[in-house]
Amino acid sequence: MEDLWLDFEKDKETKELMNLVSEAYMRKYVKEMFKIGVYWISNGYYDKAVDTFREVVQAVGNPTPVLSYLYSLSRYYYSYFVDAERSQMLSDAVNDLESVYKDVGTARNKFLALRSLIYAELGELDTAESVLGGSGNSSLVLRLAMAHIYRLRGLLDKAEQEISYVLNSEKKNKDAVIEKALIVREKGRYDEALSLLNKLLFGSPLFNPLNLVSYFPQNTLAMLFRAETLELMGRRDDALSTYKQIDSTIYSPVVKDRINRLSGSSGHTIVWA
């Protein structure tokens, strides 16, 4: 699947990271911390993923492309939950990607897509588009990045066209489902946006074929956008409940501020960065 998650041989990558440190006790530490970082980011604990991958980077000194990618991906996801430090977090993430890109062997399109997405979130839309280098239609994950850029430029019809192409090819692409939800939400189609996010989080056999109840959030970012959508629909109590669920999962100044606002008096204006 060509979403943002990077497919890699975990055992092979772990051994490569262990070989970067000389002390035996540090090899075991790097091995365990890397596996824990993968667990955190896979289950939506982005703050813990950022902290864990940072420790691995510090331990090995010269991170591999895969480690840099996962560390940057965790910061990209977590950046939606922070405020004052967001720009610096994203800048550091894209700089790390730039520094290892020449050594990337496989999955180059995912590195390009993530770099483009981060530049777009920094407000550097021209740079974000130039990163794709005219190859935006050559890969589904690059088309995902292009849809993101179109959305931020306000070209919502083009954005929806791009993301629909991705989803027609990969219905289980979670990043694309989230992007589609944000696009239709900006078009004012709140019910459709909420339906997409609900299916991703709770109900669709595509994402939960065994109809299992998960005790892990797995997509905290989708939960955040769901809460925002509920607010826009005037469903303040449901939004507050969702924000509280996120707050019990990760540390987020953004979420805490929204909980305080919704728990207080009504009539506040919704303002999102």
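This note goes through the predicted model point by point, from its overall make-up to single residues.

1. Basis of the note. The structure is a predicted model, in which local features need pLDDT of at least 70 and side-chain atom pairs count only at pLDDT 80 or more, while totals for chains, interfaces and linings use all residues. Residues are numbered from 1 along each chain as its sequence is written, and side-chain values use heavy atoms, with hydrogens and water left out.

2. Overall make-up. The protein has 14 helices and zero strands, where helices (H or I, at least four residues) and strands (E, at least two) are DSSP runs numbered from the N terminus. Of the 273 residues in the protein, 53% are buried, a word that stands for under 20% relative accessible area, with exposed meaning over 50% and partly exposed lying in between (1.4 Å probe, protein chains only). The protein exposes about 13,100 Å², of which carbon and sulfur atoms supply 48%; accessible areas come from the Shrake-Rupley method with a 1.4 Å probe, and for residues only the protein chains shown count as cover.

3. Contacts along the chain. If one takes the contacts (heavy atoms within 4.5 Å) between residues at least 6 apart in sequence, 61% of them join residues at least 24 apart. Pro-253 lies in helix H14 (residues 253-263), and, leaving aside neighbours within four places in sequence, Pro-253 is in contact with Phe-81 and Val-82.

4. In soluble globular proteins, nonpolar side chains tend to be buried together. Apart from neighbours within four places in sequence, the contacts of Phe-53 include Phe-34, Val-38, Leu-67 and Leu-70.

5. The cavity. The structure holds one cavity of 30 Å³ or more, a cavity being a set of points, on a 1 Å grid over the protein atoms alone, where a 1.4 Å probe fits but cannot get out, with lining residues having an atom within 4 Å of a point. The largest cavity has a volume of about 120 Å³; grid points are joined across faces, edges and corners, and a volume is the space filled by probe spheres set on the points. Its lining has 14 residues, and Tyr-76, His-148, Asp-175, Ile-178 and Glu-179 lie nearest the centre.

6. Who lines the cavity. Helices H4 (65-78), H8 (140-153), H10 (174-186) and H12 (220-232) each supply at least two lining residues, and the largest share, four residues, comes from H10. The lining divides into 10 nonpolar, one polar and three charged residues, where Ala, Val, Leu, Ile, Met, Phe, Trp, Tyr, Cys and Pro count as nonpolar, Asp, Glu, Lys and Arg as charged, and the others, Gly among them, as polar.

7. Ser-68, found in helix H4, counts as buried because its relative accessibility is 3%, and, not counting residues up to four places away in sequence, Ser-68 touches Pro-63, Asp-96, Leu-97 and Val-100. Leu-140 in helix H8 is also buried, with a relative accessible area of 14%. Ile-36, in helix H2 (residues 24-42), is partly exposed, with a relative accessible area of 33%.

Technical notes: On a 1 Å grid over the protein atoms alone, a cavity is a set of points where a 1.4 Å probe fits but cannot get out, and a pocket is an open set with protein on both sides within 12 Å along at least five of seven lines; lining residues have an atom within 4 Å of a point.
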